[in-house]
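Here is a short report for a first look at this structure. It moves from a sheet to a single residue, then to a helix and the cores.

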Amino acid sequence: MNGRQLRTRFQGVAVLAAGLLALTACGDTADKSAGTGTSDKAAAATRSVKHDAGTAERVPAQPKRIVSVSVTMTGHLLALDAPVIASQATPPSVITDKQGFFTQWSDAAAKNSVKVAYQGFEPDVEKVLALKPDLIVGASSGAENAEKFYDKLSAVAPTLLYRHDDVSWQDLTARLGKDLGLEKRASEVVAAHDERVGEVKAAITVPKQSAALVRDNQSAMTVFTPESAQGRLLTSLGFTVLEPPAGKGQTQGGRSDFAEFSQEKVADTAKDSSLLFVSHTPEEITAATARPVWKDLAAVKDKRVHDLGLDTFRLDYYSAGNLIDKIEKAFG
């Protein structure tokens, strides 16, 4: 299919979708009872939703067929019991199942019969079209940033894109709950997490030293900020999270939650801090701390090096729970 045929097809889909909505919708008014369990529901109501790539029109007040074009966002959607029918997948690795879904929520995806929409970071618009979604949800940050595909995706169905790097997963969950008519479920998810945080905080002994949240890249070291999702979770458990080294580190895709610095600069900044490794195998942590720049640090000598788990690079309800379990085991 050439470019002209593809554009014609998208335009046809958009016209058809608009026609169907005009026949069934009562207008662009939000169903205020959506997600609350009440019976006062407007027939096929739609609304406008402001998101991080613009404003989407005719968003279903209660979507039935959501396609996620961000494997990161899929975990947030599943925690909300959103009707996800398919999701982008990444190449399989140690942090995914065999089809490329993150391990922390792959069981939930299987339980809900979520299909692989396509594999790779750029949206396959043709495959998304074939799934006949009534709503598309994706990311406007990270490797799967779909902003440059927004117009094409919006021709298939209303599309919402969100940054996930500069907000806590709780704030993102609350925002998704509001935008998808799932406010009640969003509140329940966050409340369950907060209760678990309170239980573990009361049961652990937090080290007096600050906690350096790091990820080894062999030639450099990534440091997560106190404002990152990981940093906020550790802070809520009573830890003092180390600030990144002074100066501007290298960032990825405009992210604000972490930056990359030289091994030497991070080691000098960490000094007496405990080291908490994000998304590593035990073997990788052992190799990192055996390097000359790390092996003489107080944290290594005093065995204050901790593994936060392979699934902690991207926090959602599921991986946050796994991180809390790791903290409880290490410091309980």
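## The open sheet

An open sheet is built from 5 strands, in the order E5-E4-E3-E6-E7, with parallel pairing. Its edge strands are E5 (115-119) and E7 (159-162), and each pairs on one side only. On average, neighbouring strands here are turned by 20° against each other, direction ignored. Strands (E, at least two residues) and helices (H or I, at least four) are DSSP runs, numbered from the N terminus. Two strands pair if DSSP finds at least two bridges between them.

Strand E6 (residues 135-139) pairs with E7 in the parallel sense over 4 bridges. Gly-138 has Leu-161 of E7 as its bridge partner. Helix H6 (residues 169-180) lies across E3 (66-68), E6 and E7, and runs at about 165° to E7. Such angles run from 0 to 180 degrees between N-to-C directions, with axes fitted to C-alpha atoms, for helices over the stretch in contact.

## Basis of the model

This is a predicted model: local features need pLDDT of at least 70, side-chain atom pairs count only at pLDDT 80 or more, and totals for chains, interfaces and linings use all residues. Residues are numbered from 1 along each chain as its sequence is written, and side-chain values use heavy atoms, without hydrogens and water.

## His-51

His-51 sits in strand E1 (residues 46-51). His-51 is buried, with a relative accessible area of 4%. Buried means under 20% relative accessible area, exposed over 50%, and partly exposed in between (1.4 Å probe, protein chains only).

Beyond its neighbours within four places in sequence, His-51 has contacts that include Tyr-150, Thr-159, Leu-161 and Arg-175. Contact means heavy atoms within 4.5 Å. A polar atom of the His-51 side chain lies 3.3 Å from the backbone oxygen of Thr-159.

## Helix H9

Which residues of helix H9 (residues 263-270) are buried? They are Gln-263, Val-266, Ala-267 and Ala-270. Seen down the axis of H9, these fall within an arc of 100°, so they line one face of the helix. The arc is that of the directions from the helix axis to the C-beta atoms.

On the other side of H9, Glu-264 and Asp-268 are exposed. The cover over the buried residues of H9 includes strand E8 (211-216) and helix H11 (292-295). Just after H9, Lys-271 takes a positive phi of about 45°.

## Nonpolar cores

The largest nonpolar core has 46 residues. Among those with the most contacts inside it are Leu-77, Val-137 and Leu-160. Another core, of 25 residues, lies apart from it and includes Leu-234 and Phe-313. A nonpolar core is a set of buried Ala, Val, Leu, Ile, Met, Phe, Trp, Tyr and Cys residues joined through side-chain atoms within 4.5 Å.

Terms used: Polar contact = N/O pair within 3.5 Å; in protein donor to acceptor, adjacent residues only side chain to side chain.
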